[in-house]
Amino acid sequence: MAPLLRLSAWIDSFNEAIGKFIRWLVLAAVLISAGNAIVRKLFNYSSNSFLEIQWYLFAGVFMLGVGYVFLHNGHVRIDFISARLSTRTNAIIDAVGMVVFTIPLSIIMVTLGWPLFHNAWVSGEMSQNAGGLIRWPVLALIPAGFAILLVQSLSELVKRVAFLTGHRDQPFTDMHSKSVEEELVEELAAGAPVHDKTGHEGSR
C-alpha cells in the first residue's frame, strides 16, 4: 500500500499544480470577455477569434480543473444523505462509484475523444466562423480532461482503500472547511438546534 500512497501523493501534487494554473485561465477569460464588451460598445467591433478564445478558456477551466475539484472533495454530493452516513460508509460508496462509474467513463471518453483531437490536428480543422480559431486545442481538452479525471480517480480510490484497510486516518487528502450550508445540513441531520449568525437559537 505504501508505494500506491506515494503514487497517489504525486498525482495529488500534479492536480494541485494544475488547479493553481487554472486560476490564470479564469483571469484571462475575464479580461478577454471584458475587453470584448468594451470594444464592442465603444467601437462597434467584434472578433470571432476573441469570442472563441473565451469559449476555449472556459472549456479549459472545467475540463482541466476536474481533477483539482475531485482532489479537494468539491464535487456535487447529496449532503443531506451523506451527512447521515458514517465516514466509512461514505468511503465505501465512493470506492464503488469510482470503480463502477467514474473510472470506466473516463476510459471511454479518453478512447472516444482522442480520435476527434487527432483528426482535427492532422486535417488542420478550423472553426466554421469567419476569423475563427483552429479546433484541435479545444478538442484536445476532451481526452486531456478525462485522463486527468482518470488518474485522480485512481488516486482517490487508493486513499479510500487505504482508509478502509487502516492505512490512513481519513479517506480524503483535503478536508475542506465546511460551508454554512454544510454545517446547517449536519445540524439538521444530528437534530441539533439551528443558530443564526448572531448565535441565537432559531426555529426550524
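Predicted model: local features only at pLDDT ≥ 70, side-chain atom pairs only at ≥ 80, totals over all residues.
Angles under 35 degrees count as roughly parallel, over 145 as roughly antiparallel, 65 to 115 as roughly perpendicular and the rest as oblique. Residues are numbered from 1 along each chain as its sequence is written, and side-chain values use heavy atoms, with hydrogens and water left out.

**Overall layout**

- The protein chain has seven helices and two strands; helices (H or I, at least four residues) and strands (E, at least two) are DSSP runs, numbered from the N terminus.
- Along the sequence, these elements follow the pattern α-α-α-α-α-α-α-β-β.
- Of the 204 residues in the protein chain, 29% count as buried, where buried means under 20% relative accessible area, exposed over 50%, and partly exposed in between (1.4 Å probe, protein chains only).
- Among the contacts in the protein chain with a separation of 6 or more, 71% come from residues 24 or more positions apart; contact here means heavy atoms within 4.5 Å.

**How the helices pack**

- Two packed helices are described by the angle between their axes and the distance between the axes. Axes are lines fitted to C-alpha atoms, for helices over the stretch in contact, and angles run from 0 to 180 degrees between N-to-C directions.
- Helix α5 (residues 87–123) packs on helix α6 (residues 136–164) at an angle of about 160 degrees, and their axes are 7 Å apart. The contact of α5 with α6 has 27 nonpolar, five polar and four charged residues; Ala, Val, Leu, Ile, Met, Phe, Trp, Tyr, Cys and Pro count as nonpolar, Asp, Glu, Lys and Arg as charged, and the others, Gly among them, as polar.
- α5 passes α6 in a left-handed crossing, a term that applies if the near helix is turned anticlockwise from the far one by less than a right angle, with right-handed used if clockwise.
- For α1 and α2, the axes come within 9 Å and cross at roughly 155 degrees, which makes α1 roughly antiparallel to α2. The crossing of α1 and α2 is left-handed.
- On the α1 side, that contact includes Ile 18, Ile 22, Leu 25 and Val 26, and on the α2 side it includes Phe 50, Leu 51, Val 61 and Leu 64. By class, the contact of α1 with α2 has 13 nonpolar, four polar and no charged residues.
- α1 and α6 pack at an angle of about 135 degrees, with their axes 9 Å apart, and that makes α1 oblique to α6. The crossing of α1 past α6 is left-handed.
- Residues of the contact between α1 and α6 include Leu 4, Leu 5, Ser 8 and Asp 12 of α1, along with Val 151, Glu 156, Val 158 and Lys 159 of α6. The contact of α1 with α6 divides into eight nonpolar, four polar and three charged residues.

**Nonpolar cores**

- A nonpolar core is a set of buried Ala, Val, Leu, Ile, Met, Phe, Trp, Tyr and Cys residues joined through side-chain atoms within 4.5 Å.
- The largest nonpolar core has 13 residues, of which Ile 18, Ile 22, Leu 25, Leu 64, Val 138 and Leu 139 touch the most other members. At least two residues of this core come from each of α1 (2–43), α2 (48–64), α5 and α6.
- Apart from this core lies another, of eight residues, including Phe 70, Ile 103, Leu 149 and Leu 150.
- Leaving aside its neighbours within four places in sequence, Ile 22 is in contact with Val 61, Leu 64 and Gly 65.

**Residues to look at**

- Val 138 sits in helix α6 and counts as buried at 18% relative accessibility. Leaving aside neighbours within four places in sequence, Val 138 is in contact with Tyr 56 and Ala 59.
- Val 158 is also found in helix α6 and counts as buried at 14% relative accessibility. Not counting residues up to four places away in sequence, Val 158 touches Met 1, Leu 4, Leu 5 and Ser 8.
- Val 158 and Ala 95 are 63 residues apart in sequence and 8.8 Å apart in space, C-alpha to C-alpha.
- Phe 62 belongs to helix α2 and is exposed, with a relative accessible area of 55%.
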